[in-house]
Amino acid sequence: MPLPLASAGEPWVRWDWVSSHGDDIAAAARQHTELTAIAVGLGLCIAFPLALAARRWRRLEAVVLAATGVLFTIPSLALFALFVPVYGLSRLTAEIGLVGYTLLILVRSILSGLEGVPADVREAARGMGYRPARQLYAIELPLAVPVIVAGIRLATVTTVGLVTVTGLIGQGGLGAFIIQGINFDFRTPVVVGSVLSVALAFVADAGLAGAQRLLTPWARR
Amino acid sequence: MSFLSDVVAWFSTASHWQGEAGVPHRLFEHVAMSAAALVAAAAVALPGGIWLGHRGRGGWLVLNLANVGRAVPSLAILALAQQAIGLSGWPGFGARPALIALFALAVPPLVSSAYVGMREVDADVREAAQGMGMTGGQLLRRVELPLALPLVMAGVRTAAVQVVATATLAAVTAWGGLGRFIVDGFAQRDDVQVFAGALLVAVLAMVTELSVAGLQRLVVPAGLRTRATRVKDTARLGVQAA
């Protein structure tokens with residue numbers, strides 16, 4: 001016979017709690033968005049040069065993919081915990097882990113996006129006298145946008161989920177509510193944190209999909 | 001350097017290797033829980049995904065399941081399972097919600113990889129098999145399944161790594177496993193224990209990844225084993241972290 005929790009019989013959402021914590025919820029959502037945006041933004045800043053270098057030197061590609069793969073395999077809680085002795089329970093610790101996770105997805109999507117540019121197009125650009133750098137930003141990158149944005153979307157949705165775990169190292173945005181709910185055995189914050197985190201993931205995903213439509217007008221039909 | 005020598009000292013302390021709270025028992029809990037959840041999820045998800053893929057139905061459902069599965073944080077699933085089910089009862093304190101949460105997390109990547117693997121089988125190959133007079137069952141067993149295996153196994157790999165990772169988080173919802181060292185270390189402000197636990201968890205995750213990769217090499221037909229497709233497959237499936 002399972003013993004119920006103290007919260008058994010408790011409603012899933014106490015609306016009075018929600019309405020009296022409106023400011024906290026807004027602040028947590030803002031922090032969640034910030035943590036995610038910084039992680040994906042920094043991830044892109046690191047992933048781009050990494051992917052370009054990996055494309056230039058094939059032997060480096062194996063190393064970059066293996067290293068980012070190892071980072072990705074380490075469970076989030078462990079990755080955050082490894083940096084706690086160095087940087088404490090801080091935002092820096094959280095961001096190091098979050099950025100680490102985005103790298104595999106971003107590097108892979110940038111590489112496969114650039115690889116997907118048809119050889120004919122590349123040759124035509126070269127024939128028209130495009131230098132490698134100009135060919136990259138004027139021809140190859142725009143054509144790779146759909147694949148790269150798909151990677152950014154995946155990285156963003158993943159990061160929104162992982163930010164909840166940073167609640168355990170004193171950050172967490174909406175994840176802090178989930179942990180508060182676990183610690184005080186109180187359902188409402190668990191539900192509020194979970195639902196808003198999923199909602200944030202969907203909103204961010206839809207926003208990025210919209211941004212892609214604006215960026216690639218030629219792909220619209 | 002003194003921090004690292006503290007970590008070494010932690011690992012060489014005999015009491016950390018004995019009893020319910022020792023490393024071997026926590027490791028056993030972690031592996032047993034992950035394996036149970038993964039096997040149960042595979043038993044449901046793989047036949048389901050394979051069947052849907054074979055019949056070419058339910059693509060919309062599978063796609064949405066995968067997307068929603070990716071958007072729901074593992075911590076949220078654990079916390080909700082704990083609140084819905086309670087902590088006590090078989091098979092041990094905190095184990096039931098953790099098992100159910102891990103099961104729920106493993107299902108979407110398994111279903112979608114099985115489904116996508118079956119759908120990616122070349123239509124010409126399928127038609128040729130039908131032209132040779134194969135029945136639906138023969139087509140499924142002899143043609144589609146072997147060709148779908150690389151993707152199916154990629155899904156198993158994703159799910160296995162994710163389950164092991166989330167089992168770490170289950171320490172937050174009162175269960176054991178290797179995550180206990182990290183979570184208790186946070187509570188006691190014991191950085192050495194936190195770091196030692198993190199190392200153990202990281203090593204276990206790598207070993208899991210490598211073992212499933214080994215299994216993948218064993219079961220995937222030799223003709224389908226090329227590096228290029230493996231990289232592409234993982235990219236197409238979408239990767240997942242926990």
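A nonpolar core here is a set of buried Ala, Val, Leu, Ile, Met, Phe, Trp, Tyr and Cys residues joined through C-beta atoms within 7 Å, where buried means that 20 or more other C-beta atoms, placed from the backbone, lie within 10 Å of a residue's own. The views below show a predicted model, in which local features need pLDDT of at least 70, side-chain atom pairs count only at pLDDT 80 or more, and totals for chains, interfaces and linings use all residues. Residues are numbered from 1 along each chain as its sequence is written, and chains are lettered from A in the order in which they are written.

**View 1. The largest nonpolar core.** This core holds 121 residues, and Val107(A), Leu102(B) and Ala106(B) have the most contacts inside it. Helix α5 of chain B (residues 95–119) gives the most, with 15 residues.

**View 2. Around Ala106(B).** Leaving aside residues up to four places away in sequence, Ala106(B) touches Ala37(B), Leu38(B), Ala41(B), Ala159(B), Gln162(B) and Val163(B); contact means C-beta atoms, placed from the backbone, within 7 Å.

**View 3. Where chain B meets chain A.** Here 42 residues of chain B are in contact with 43 residues of chain A. On the chain B side, α9(B) gives the most, with ten residues.

**View 4. Helices α2(A) and α9(A).** The axes of α2 (residues 22–56) and α9 (residues 187–215) of chain A come within 11 Å and cross at roughly 45°. Ile25(A), Ala29(A), His32(A) and Thr33(A) in α2(A) meet Val192(A), Leu196(A), Ser197(A) and Leu200(A) in α9(A).

Methods
Contact = placed C-beta atoms within 7 Å. Helix = DSSP H or I, 4+ residues; strand = E, 2+ residues; numbered from the N terminus. Buried ≥ 20, exposed ≤ 12 C-beta atoms within 10 Å, placed from the backbone. Axes fitted to C-alpha atoms, helices over the stretch in contact; angles between N-to-C directions.
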